[in-house]
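Read it alongside the model.

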Amino acid sequence: MDTQASQLSALAAEIERLTRENEALKQHNIHLQQQLSATLDGTGLCLWEQHVPSGDLLIYNQEWGSLLGYTREEYAANMESWKGSLHPDDKDWVIKAFEDHIEGKEDVYQAVHRMIHKDGSVRWVSDRGRIVEYTSDGKPLKILGTHIDITQEKRYQLDLARLAHRDPLTDLLNRNAAKKAFKSLQHDANFDSGTLLFIDVDNFKMINDHHGHRFGDLALINISQTLQHYADKLLASKQVSIARIGGDEFVIITAISEYELISILAGSLVNHYKQNVTIEEKSVSLGLSIGISCFAKHDTFAEVCEQADNAMYGIKQAGKHNYSFWQQPKTLIQSIR
């Protein structure tokens, strides 16, 4: 009897010891997770783990859904909610990249893609993951990965790219981007012929000298908006590029080359400025001189610009505020045919 009691006492003591050790391990685990969270939060990186068979996700150091503006109650931590928040333009290829890793086609899953925030805005994220555990029959069981919000960095990159191709004053294309647009148009499989309109602002130096450079900038912005308006209204084509290539020089490049339609566009632009325009409560007289050149698949941007520039110069000599084709209308029509 004493032996049995002694054994029970020893067993109870062992259970108590194991219970204390288990509690200590739990506390140690919580402490390690807190340290991990603090370390990862300092980098902005989120550590996630997915249970492949169920699709459930475990987020180690961030509130699930917080990146997209949701609470835990609003946004279930599973693959379906993740897929539902992928940007429509990225969804298919991102899911395929993930499934390719699951199926063993790729060593890792990695993707830089967009997700939709609760407020409708776009967030850029960088995802990376790898299978870390398999079932006894060799099927994927768990994936461990990282997820980081790179929205600010991506916006900075996009802004830099935009500045490299855009005129900072008017937000039109710059000269280099105009060249690229010209070549891109020619390389289109359906391209046959196009038109370049070279536009110079009449008496711009006088406006600048009289009203100041700031007012001159506002006049250029007004003209850029006018060019965009009439191009959208009359050409109604995605194959139209508008650029500011110099101080007061603009070009419109389009795959449309019908003589009558281009004449209507040029005439509308000229007529728009036959009357004074009001800028900052000041009525000013602006004018446009426009030279036009048709181009084919193998013409260079420099050659076509020079032709249109020469046609524009002829308008300047003839009294300004008008448009002219480098090619005679008959020649132009024949080249289109």
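## A hairpin pair

I242 stands opposite I252 in strand 8. Five bridges join strand 7 (residues 240–244) to strand 8, and the two run antiparallel. Together, strand 7 and strand 8 form a hairpin with four residues between them. Strands (E, at least two residues) and helices (H or I, at least four) are DSSP runs, numbered from the N terminus. Two strands pair if DSSP finds at least two bridges between them.

## Basis of the model

This is a predicted model: local features need pLDDT of at least 70, side-chain atom pairs count only at pLDDT 80 or more, and totals for chains, interfaces and linings use all residues. Residues are numbered from 1 along each chain as its sequence is written, and side-chain values use heavy atoms, leaving out hydrogens and water.

The open sheet has five strands in the order 7-8-6-11-12, with mixed pairing. Strand 7 and strand 12 (322–325) are the edge strands; each pairs on one side only. On average, neighbouring strands are turned by 15° against each other, direction ignored. Axes are lines fitted to C-alpha atoms, for helices over the stretch in contact, and angles run from 0 to 180 degrees between N-to-C directions.

Strand 6 (residues 194–202) and strand 8 run antiparallel, joined by six bridges. I199 has F250 of strand 8 as its bridge partner. Strand 11 (residues 287–295) and strand 12 run parallel, with four bridges. There, S289 stands opposite N322.

Helix 5 (residues 175–187) lies across strands 6, 7, 8 and 11, at about 15° to strand 8. Contact means heavy atoms within 4.5 Å.
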